Amino acid sequence: MFDQVTEAPPDAILGLNEAFLQDKRDQKVNLTVGVYRDEAGRTPILECVKAAEERLLEREATKAYLGIAGMPDYHLATAGLLFGTGSAVIEEGRWVAAQTPGGTGALRVAGEWLRRNELCQRIWCSRPTWANHHNVFHAAGLDVETYAYLDETGTALDRDRFLDALRKIPSGDAVCLHGCCHNPTGVDPDGETWQAIAAMAREQGWLPLIDFAYQGFARGIDEDARAVRAFADAGIEFLVASSYSKNFGLYAERTGALTIVAREAGVVPAVGSRLKQVIRANYSNPPKHGAAIVAMILSDETLRTHWEEEVGQMRERISRLRSALVEGLQREGVSRDVSYLLRQRGMFSYSGLSPLQVDRLRSEFGIYLVRSGRINMAGLNADNLSYVCRAMAQVMS
Ligand SMILES: Cc1ncc(COP(=O)(O)O)c(C=O)c1O
């Protein structure tokens, strides 16, 4: 029977990684990966995470299953990050959350919850979007459509076209929006545009699903929640898929959350019960370790302060690399305006390089990036920056 199974197409980014590992050149550079890297090219464990793990090792008394939705402390910590302390959503009890295996798990549970309760049949994603969005939403049984996002340079938002596209989305459809640090482009709407989008969601009656995988990587923990808070202030129903893979460095611990915001507290018990039904049929109950770390850090003043410092260090490193890349390109004689790299936010950037230029970087210089031109800024460091700038300038000239 198994001989009927045909091979699945290879994952484009993983394939590039394999090619990178096999490349024998000394000066090769990997800018494809989807994880944060420090100056030494490592993906470190945050110090606050290590400290929390030491306490957990001492205090944890059981590995018994968690409840289907996970730990209430973790839900509350997540709500605090999303809405801010004292927010009306929290005060009025208009939310319910579930601890999920990563942000991907949150997106999948969200999709299945929407589908199973016949709330939506279709979800709209930006063009382009994180490659796995299409996969996950299709797997949840939703139809996926796309809306316009970038201008013709492919490096900045086309605000009018984007808002026009959102205006045409029918009432009752879901719309996936990146809360900050849009992956793969790094292009985010500004605060005023988020207000306009939230007002539009209220008027048009479509349902926002905010994918929030990089809180703290753009401007700051609270500043980055402005999209989420614009929807909260609009008093509408919406969903948020949080991931703590990047901002706590907990990638392999699969730590995420799905938060559903209602218009009235009265519907929350039914909403929560249907959420548990989806989870029970999927992975039964969530993994514990990463969520226990996040809950501990966010509820302890010293650990939280330390975490905010460490997220700040990652954010500032990326921002310094953006400036250094722009300066380096100019120094190498690139005359075209590359200041869009400074306006983009988060780990990823649409560099504006064409697929052919990306191919040349790989074949002539051993510099690997995704063919769309997406760069992981965190893959740059003092050792490889000048080399990358020189190579980019050559293929851009
Ligand atoms: C936009 C976006 N959403 C969701 C995720 C998934 O995060 P996780 O690894 O927590 O499942 C990622 C991870 O790269 C992402 O970039």
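Take Val294 as a way in: setting aside neighbours within four places in sequence, Val294 is in contact with Tyr74, Ala77, Tyr244, Phe248 and Thr255. Being in contact here is a matter of C-beta atoms, placed from the backbone, lying within 7 Å of each other. Keep in mind that this is a predicted model, where local features need pLDDT of at least 70, side-chain atom pairs count only at pLDDT 80 or more, and totals for chains, interfaces and linings use all residues. Residue numbers start from 1 along each chain, following the sequence as written.

One of those partners, Ala77, is worth a stop. Ala77 sits in helix α3 (residues 72-83); helices are DSSP runs of H or I with at least four residues, strands are E runs of at least two, and both are numbered from the N terminus. Ala77 counts as buried because it has 22 C-beta neighbours inside 10 Å. The cut-offs are these: 20 or more other C-beta atoms within 10 Å of a residue's own makes it buried, 12 or fewer makes it exposed, and anything in between is partly exposed, with C-beta atoms placed from the backbone. Leaving out residues up to four places away in sequence, Ala77 touches Val294, Ala295, Leu298 and Ser299.

Now zoom out to the core. The largest nonpolar core has 115 residues, and Ala110, Leu258 and Val294 touch the most other members. Such a core is a set of buried Ala, Val, Leu, Ile, Met, Phe, Trp, Tyr and Cys residues joined through C-beta atoms within 7 Å. Helix α11 (residues 289-299) gives the most to this core, eight residues. At least three residues of the core come from each of domain 1 (10-44 + 315-396) and domain 2 (65-299). Those bounds come from an automatic or database domain assignment.

How do the two domains sit together? Their C-alpha centres lie 29 Å apart, and 16 residues of domain 1 are in contact with 20 residues of domain 2. On the domain 1 side, strand β9 (residues 348-350) gives the most, with three residues.

As for the whole chain, there are 15 helices and eleven strands, and 45% of the 397 residues count as buried. A compact globule with 397 residues would have a radius of gyration near 21 Å, and the chain has 21 Å, so the two agree. That radius is taken over C-alpha atoms, and the globule rule is 2.2 Å times the number of residues to the power 0.38.

Next, the ligand. Around it are Gly34, Gly102, Gly103, Thr104, Trp130, His178, Asn183, Asp211, Ala213, Ser243, Ser245 and Gly256, where a residue is near if its C-beta atom, placed from the backbone, lies within 6 Å. Helix α5 (residues 102-116) supplies the largest share of this shell, three residues.

Pro184 lies in the loop between β5 (174-178) and α8 (191-204). Another cis bond runs from Arg127 to Pro128, with omega near 10°.

Finally, Glu118 is not a glycine but has a positive phi, near 55°. Glu118 is found in the loop between α5 and β3, and counts as exposed because it has 7 C-beta neighbours inside 10 Å.

Note on methods. Two residues are in contact if their C-beta atoms, placed from the backbone, lie within 7 Å.
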